[in-house]
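Subject: Structure for your review

Dear colleague,

I am passing on the structure we spoke about, followed by notes on what was found in it. Please read the notes with the coordinates open beside you.

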Amino acid sequence: MRRYGHAPCRREEEERPDLALRKRGVDPDEIDTVILTHLHWDHCHNNHLFPRAEFIVQKNELLNAVYPLPKFRGMYETFDTGTIPPWARQKTKWRIIDGEQTLCDGIRLLLLPGHTPGLQGVLVDTAEGPRLLASDAVPLYECIEGLGQGIYGISSLCDDLRAFTRTFDRMRELRKEGVEIIAGHDFLTLERFA
Ligand SMILES: [Zn+2]
């Protein structure tokens with residue numbers, strides 16, 4: 001994180017995704033499907049922890065990860081930053097999709113572009129109702145505090161402001177339909193589902 005000027009950050013051992021899953025009784029080796037919402041480094045640096053999984057990504061996102069806007073080269077750790085992008089480091093089994101689709105009963109992938117061109121959210125039917133895992137379309141809950149009033153807290157990490165605005169329009173409608181939106185980077189999400 002220091003390399004790209006982010007605040008220093010530390011991860012406790014038990015926060016490693018594979019260990020966190022094991023704590024919940026899930027063996028990472030048995031995970032057969034991983035949905036990549038987008039390919040910024042902080043969303044795919046742990047792909048190797050799921051050696052048997054097929055990784056689902058939008059075609060548009062994969063293309064953009066190879067040749068993003070200059071501002072976002074660091075976020076993708078593109079080849080020209082002198083490293084190998086995290087999504088390219090492993091023997092990934094890709095399932096490259098192009099557009100929205102129902103993955104299985106109760107899980108639908110929705111296009112939520114703006115933060116990146118090919119960002120996809122995951123709409124999940126749960127016993128408590130539908131929930132949208134919004135990833136970096138909504139990093140913090142404060143971004144959607146005014147959603148109902150049309151006040152959009154759009155992240156400054158924005159590839160396309162018009163697309164991002166349309167994504168917020170859509171999330172506003174989804175919330176009216178009873179969908180609960182889950183923020184991707186908010187500590188409240190971690191606390192709630194810990
Ligand atoms: Zn991101």
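In what follows, two strands are taken to pair if DSSP finds at least two bridges between them, while helices (H or I, at least four residues) and strands (E, at least two) are DSSP runs, numbered from the N terminus. Please keep in mind that this is a predicted model, in which local features need pLDDT of at least 70 and side-chain atom pairs count only at pLDDT 80 or more, whereas totals for chains, interfaces and linings use all residues. Residues are numbered from 1 along each chain as its sequence is written, and side-chain values use heavy atoms, with hydrogens and water left out.

**Strands around β7**

Strand β6 (residues 120–126) runs antiparallel to strand β7 (residues 129–133), and the two are joined by five bridges; a hairpin of two residues leads from β6 to β7. On its other pairing, β7 runs parallel to strand β8 (residues 180–182), with three bridges between them. Together with helix α4 (residues 161–176), β7 and β8 make a right-handed β-α-β unit, where right-handed is meant in the sense that, with the strands pointing away from the viewer, the path from the first strand over the helix to the second runs clockwise.

**Salt bridges**

A salt bridge is counted here when a side-chain nitrogen of Lys or Arg lies within 4 Å of a carboxyl oxygen of Asp or Glu, and by that criterion a search of the whole structure finds 14 of them. For accessibility, buried means under 20% relative accessible area, exposed means over 50%, and partly exposed lies in between (1.4 Å probe, protein chains only).

One of the salt bridges belongs to the strands described above: R131 and E180 have their closest N and O atoms 3.4 Å apart, and the pair links distant parts of the chain, with R131 in strand β7 and E180 in strand β8, 49 residues apart. R131 counts as buried because its relative accessibility is 14%, whereas E180, at 29%, is partly exposed. Both residues belong to a network of salt bridges that links E128, R131, E180 and R192.

Another salt bridge joins K59 to D98, with the closest N and O atoms 4.0 Å apart. K59 lies in helix α2 (residues 59–66) and D98 in the loop between β3 (93–97) and β4 (101–104), so this pair ties together parts that are 39 residues apart in sequence. K59 is partly exposed at 41% relative accessibility, while D98 counts as exposed at 63%.

A further pair is D27 and R22, whose closest N and O atoms are 3.5 Å apart; D27 is partly exposed at 25% relative accessibility, and R22 is likewise partly exposed, at 45%.

Q120, placed in strand β6, counts as buried at 0% relative accessibility, and its side chain reaches the backbone oxygen of L36 at 3.0 Å.

**Cysteines**

With a disulfide defined as a pair of cysteine sulfur atoms within 2.5 Å, the count comes to zero. C158 is in no disulfide, and the nearest cysteine sulfur, that of C143, is 12 Å away. C158 is buried, with a relative accessible area of 18%, whereas C104 counts as partly exposed at 38%.

Technical notes
Polar contact = N/O pair within 3.5 Å; in protein donor to acceptor, adjacent residues only side chain to side chain.
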